[in-house]
Amino acid sequence: MRQKLRSVLCLFALLLVLLPVSARANGLPTSSIYISIAGMNDGIVSVALLGNEPYDNPPQNPPEALTAALPDGWYVWDYAPYNSEQVFLWTIPFPSPFRAALLHEDGTVLLTGEAERTRAMQTFTINAQTGEISTSPIGIGLLKQFVCTFMVTLLIEAAVLLLFRFKLYENLKPFLLVNLATQTLMTLTYGRILLSADWRQAFFWAFAVEAVIFVVEVLAYARFLRGHTRARRVAYAITANLVSFVIGTLFITPVYSALAHLMY
């Protein structure tokens, strides 16, 4: 029993390492733009988000060198200092189309071409030499999202499996296959909506997709898990789904933030 308890504690410790420790109060993602700077980026002091119409709540006192370099018809919607980190996050109304501007220490400004935000949460990469701005295809985002959520789900549900005193090595095949199937379904439905729509629509579909997965896992685990009674297998499936759903909801914003760092 002590060995199993140590195994469970180790799994949860690993889970805490993988998940960022901070979460927003509502636990839900907001519409966001992540911007990465690629190439030689020495001398950049700030990055700005530009729109082709004035913003109702413009930032206070943007750098004069930045505003002086703006082309006609473009306005500063937001800006942030650059401290050698690769990602900037804006969670404000977004202009469409938008441009970005890189302000250097010597006062020079590099402007990107126009870009369109096509997903609720999207990463753009700016080439620091040419000003070219690009974004990852949604397929790459879905693949990395799948890997991230699949690994976290395995850790959570394996811990619950051990707490219910099932032998992992005897149930490894059904455990992996069921999670592979359900996480694929989750990624192709809710995961795609999460990247492509606002958080309200994504939150609604999270419950709908989770209900289908809940039924699938209860039936699959009741049939294919080895050891203990059918009632205990069903209880495990219910508990594992509830724990996964609660943790996933609480940590969905920092998990996506961590995922965004991997999408370049």
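**Aromatic contacts in the predicted model**

The charged end of R99 sits over the ring of W74, at 5.2 Å from the ring centre; such a placement requires NZ of Lys or CZ of Arg within 6 Å of the centre and within 35 degrees of the ring normal. The model is predicted, so local features need pLDDT of at least 70 and side-chain atom pairs count only at pLDDT 80 or more, while totals for chains, interfaces and linings use all residues. Residues are numbered from 1 along each chain as its sequence is written, and side-chain values use heavy atoms, with hydrogens and water left out.

Seven helices and eight strands make up the secondary structure of the chain (DSSP runs of H or I with at least four residues, and of E with at least two, numbered from the N terminus). Of its 264 residues, 44% are buried, that is, under 20% relative accessible area with a 1.4 Å probe, protein chains only.

Six aromatic pairs are present in the structure, a pair being rings of Phe, Tyr or Trp (its six-membered ring) with centres within 6.5 Å; planes under 30 degrees apart are stacked, over 60 edge-to-face and the rest tilted. F164 is buried at 18% relative accessible area, and Y236 is buried at 0%.

Y236 also pairs edge-to-face with Y221, at 5.3 Å and 65 degrees. Y221 belongs to helix α5 (residues 199-224), so here the parts joined are 15 residues apart in sequence. Together, F164, F166, Y221 and Y236 form one aromatic cluster.

Technical notes: Buried means under 20% relative accessible area, exposed over 50%, partly exposed in between (1.4 Å probe, protein chains only).
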